[in-house]
Amino acid sequence: AKDLRQLSQQLHIKIGSAVDIASLRDEPMYRKTLNREFNHVTAENAMKWESVEPERGVYTWDDADALVENARRNHQQIRGHTLLWHNQLPAWLTSGVEDGSIDATELREILRDHITTQVRRYKGKIRAWDVVNEVVEEDGSMRQSIWLTHLGPGYIADAFRWAHKADPHAKLFINDYNLEWNAPKIETTLNIVKDLKAERVPIHGIGFQGHLGIQYDYPGDWANVMQRFADLGLEVAVTELDVRMVLPVTPEKLATQADYYRRALTDCLSVRACRELTVWGFTDLHSWVPGWFDGEGAATLMDENYAPKPAYKALLSVK
Ligand code: XIL
């Protein structure tokens, strides 16, 4: 294949990237590369609650709209990210819950309105929604969050039902990290899905974020884990793949990184239900890794000058 779009067609799996809206707007090279390489996009931040409703009742859709419009013009499908999370919530919401001015009843209404408003706005334009993000802790317990504390565990089923009502054709996903290998998290998430299915809650997919690092072993059981979710009737997606390394970059590390990317793609290809692989950024010029992991970086497919790294070439060589 000559680029990722061609690879995507050959392999019959969508290949996507997270999109940083400021770069999309301001940087021709970013825009050109994104639109050349990818047929699926996810907003890195622009669809998160703090971005779309920074003040109560004041909606700021410009960035999210810009992503949707760019996607339409470039024939890219969209993953909506994300309707319910414990991070990047607007300050008015978290402080209102904390000081008691928003009680549980009102919080539930606020969540329902948020999901309904956002999903309706993009009805028919979003292929898949990350309805709930990171709702399980590393030890397999339910994530401690304002949602669990004030609404109880039923908030997950509610979120899926509200999203489905607002856009019955969108595929609704549960999304998480470390789900590639963390046994307690895997078992709890499987049980959540089974329970939702038993209650006939509209859930259609599982998202594996796929934030990997070469200083850790590749999650060798990942394909099996994907298959266990597929066996419950879910579509599988890799939603936020990146492979970070402890700096400095060396040729050896880049070779290992290339192998991790290649294996993530071949794992997805080995599971019939895995239909999408999305990377969390495509150039080291714009990646969340250096800002979040001390001393780490170089996690994406292209360097700071948009030159393809060995990882990019490794993906293209997959048959
Ligand atoms: C990250 C973004 O990349 C950063 O720009 C932002 O500051 C924090 O969030 N899991 C997710 C993503 O689901 O939304 C996160 O994105 C990365 C981890």
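Predicted model: local features only at pLDDT ≥ 70, side-chain atom pairs only at ≥ 80, totals over all residues.

Visitor: Where is histidine 114 found?
Guide: In helix H7, which covers residues 104-121.

Visitor: Is histidine 114 buried or exposed?
Guide: Buried. Histidine 114 counts as such because it has 20 C-beta neighbours inside 10 Å, and the cut-off for buried is 20 or more.

Visitor: How far apart in space are histidine 114 and glycine 57?
Guide: They sit 9.8 Å apart, C-alpha to C-alpha. In sequence, 57 residues separate histidine 114 from glycine 57.

Visitor: Switching topic. Which residues surround the ligand?
Guide: Glu44, Asn45, Asn133, Tyr177, Gln209, Glu240 and Trp288. By type, that shell has three polar residues, two charged and two nonpolar.

Visitor: Which residue does UniProt list for "active site"?
Guide: The record gives Glu240, in an unreviewed entry. Glu240 is also part of the shell around the ligand.

Visitor: Where does glutamate 240 lie?
Guide: In strand E8, residues 235-246.

Visitor: And is glutamate 240 buried or exposed?
Guide: Glutamate 240 is buried, because 26 other C-beta atoms lie within 10 Å.

Visitor: What does glutamate 240 contact, leaving aside neighbours within four places in sequence?
Guide: Ala18, Gln209, Gly210, His211, Thr278 and Trp280.

Visitor: What about the largest nonpolar core, how many residues?
Guide: It has 85. Leu67, Trp129, Val131, Ala159, Ala163 and Tyr261 have the most contacts inside it.

Visitor: Pick alanine 159. What is it in contact with beyond four places in sequence?
Guide: Leu83, Leu84, Ile115, Val131 and Val132. Val131 is another of the residues with the most contacts in that core.

Visitor: Which residues does UniProt give for the GH10 domain?
Guide: Residues 1-318, again from an unreviewed entry. Over that stretch the chain is 44% helix and 18% strand. The end C-alpha atoms are 9 Å apart.

Visitor: Last thing. What pLDDT does the protein average?
Guide: The average is 98, and 100% of the residues score at least 70. For the complex, the predictor gives an ipTM of 0.99 and a pTM of 0.98.

Technical notes: Residues numbered from 1 in each chain as written. Core = buried A, V, L, I, M, F, W, Y, C linked by C-beta atoms within 7 Å. Buried ≥ 20, exposed ≤ 12 C-beta atoms within 10 Å, placed from the backbone. Contact = placed C-beta atoms within 7 Å. Helix = DSSP H or I, 4+ residues; strand = E, 2+ residues; numbered from the N terminus. Near = placed C-beta within 6 Å. Nonpolar A, V, L, I, M, F, W, Y, C, P; charged D, E, K, R; others polar. pLDDT = per-residue confidence, 0-100. UniProt positions renumbered as here; feature names shortened; annotations may be inferred.
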